Amino acid sequence: MSIIDIDTPAVLIDIDRVDANLRRVQDYADSHGLALRPHIKTHKLPRFAQQAIDLGAVGITVQKLGEAEVMADAGIRDIFLPYNIIGLAKLERLRALANRVRIAVTADSEETVLGLSSAFIDALEPLRVLVECDTGMGRCGVQSPAAALALAQMIDAAPGLAFGGLMTYPAAGQVEANAAWLAEARRVLTDAGLPPAIVSNGGTPDVWRAHEVTAATEHRPGTYIYLDRFQVAKGVGSFADCALTVLATVVSRPTENRAIIDAGSKALTSDLLGMDGFGLIEAYPGAVITGLSEEHGTIDLTNCATRPAIGDKLRIIPNHACVVSNLFDTVTLISGDAVVETVPVGARGRVD
């Protein structure tokens with residue numbers, strides 16, 4: 001079976017490019033003495049999580065308990081969940097997971113620490129908890145190295161918990177500021193007798209500069225496995241490295257300069273991320289996907305030397321691959337133009 005036989009809209013995953021991307025970043029991490037703990041949010045597939053581990057990753061990162069449960073069910077045994085777990089129902093699920101796999105979480109507040117401690121106070125093994133640090137992203141995280149020390153001391157003293165280290169998800173392009181923040185936090189904690197065993201850094205946009213964050217012991221890239229239009233713009237790789245494409249069919253040509261495809265906001269992310277249009281169609285240079293409704297994508301063909309006809313199938317590199325993975329129940333694995341297998345996206349839609 002060939003790509004041309006696939007019904008649309010569909011997600012295609014080039015397994016050869018996946019393998020090359022995984023190896024490239026693992027080799028980089030190994031050469032710089034960094035542990036690699038890939039984030040599965042991009043692909044949500046246990047097979048790729050295991051493939052990364054087989055290539056040398058120390059474990060995986062997930063963002064939700066539901067993702068962790070799917071990966072644990074698939075046999076993954078070392079999981080990092082860098083999220084504030086709040087509420088009795090989620091704490092009970094976390095405790096159940098900790099009985100099955102080696103798991104660590106993060107906290108950035110006293111409230112989170114108290115909840116974790118209450119859930120693990122009588123556990124056979126303490127729960128490893130890292131302090132989440134806001135090194136410039138402006139999302140979660142303690143706001144200073146001094147605050148990191150205070151929360152680390154609280155975790156260290158809390159029944160059922162063990163202080164595991166520091167974690168950050170930094171802002172893209174702010175490598176120097178991130179490195180300085182973490183170095184100071186590590187110094188402050190070490191001087192206080194709580195040296196962080198793990199300093200976990202993350203992100204794909206600056207992955208090739210991860211070694212410059214000298215305080216870090218591990219890195220957590222996610223999108224590197226597929227790449228996308230945004231990551232190419234950031235210099236992480238080329239369009240030839242992009243492993244995920246959305247296959248769509250031209251369903252209408254209402255004017256000479258307009259084509260309509262059967263892939264809208266339910267197939268292509270509405271994230272622009274500074275890009276011109278909602279994805280790249282390599283086969284038609286100059287084409288711009290100017291708009292998305294739920295089931296339609298609008299393409300401006302004004303600047304195209306050639307134009308697709310009704311029924312033609314187009315492969316689109318999305319602006320943001322991670323969102324696309326969460327929009328489809330299945331993806332089709334390909335090698336070249338040959339279909340290998342269609343597989344369910346195991347952790348798709350796990351928002352809990």
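A residue counts as buried when its relative accessible area is under 20%. By that cut-off, 54% of the 352 residues of the chain are buried. The model is a predicted one.

The accessible surface of the chain amounts to about 14,300 Å², and carbon and sulfur atoms account for 52% of that area. A compact globule with 352 residues would have a radius of gyration near 20 Å, and the value for the chain, 22 Å, agrees with this. The C-alpha trace spans about 70 × 40 × 35 Å along its principal axes. Of the contacts between residues at least 6 apart in sequence, 67% join residues at least 24 apart.

The secondary structure consists of 9 helices and 16 strands. An open sheet is formed by 8 strands with parallel pairing, in the order 2-9-8-7-6-5-4-3. Strands 2 and 3 stand at its edges with a single partner strand each, so one side of each has no neighbour in the sheet.

| Strand | Residues |
|---|---|
| Strand 2 | residues 35–36 |
| Strand 3 | residues 60–61 |
| Strand 6 | residues 127–133 |
| Strand 7 | residues 161–168 |

Strand 6 and strand 7 pair in the parallel sense over 7 bridges. Which residue of strand 7 is the bridge partner of Glu132? The partner is Met167.

Notes
Residues are numbered from 1 along each chain as its sequence is written. This is a predicted model: local features need pLDDT of at least 70, side-chain atom pairs count only at pLDDT 80 or more; totals for chains, interfaces and linings use all residues. Side-chain values use heavy atoms; hydrogens and water are left out. Helices (H or I, at least four residues) and strands (E, at least two) are DSSP runs, numbered from the N terminus. The radius of gyration is taken over C-alpha atoms; the globule rule is 2.2 Å times the number of residues to the power 0.38. Buried means under 20% relative accessible area, exposed over 50%, partly exposed in between (1.4 Å probe, protein chains only). Contact means heavy atoms within 4.5 Å. Accessible areas come from the Shrake-Rupley method with a 1.4 Å probe; for residues, only the protein chains shown count as cover. Two strands pair if DSSP finds at least two bridges between them.
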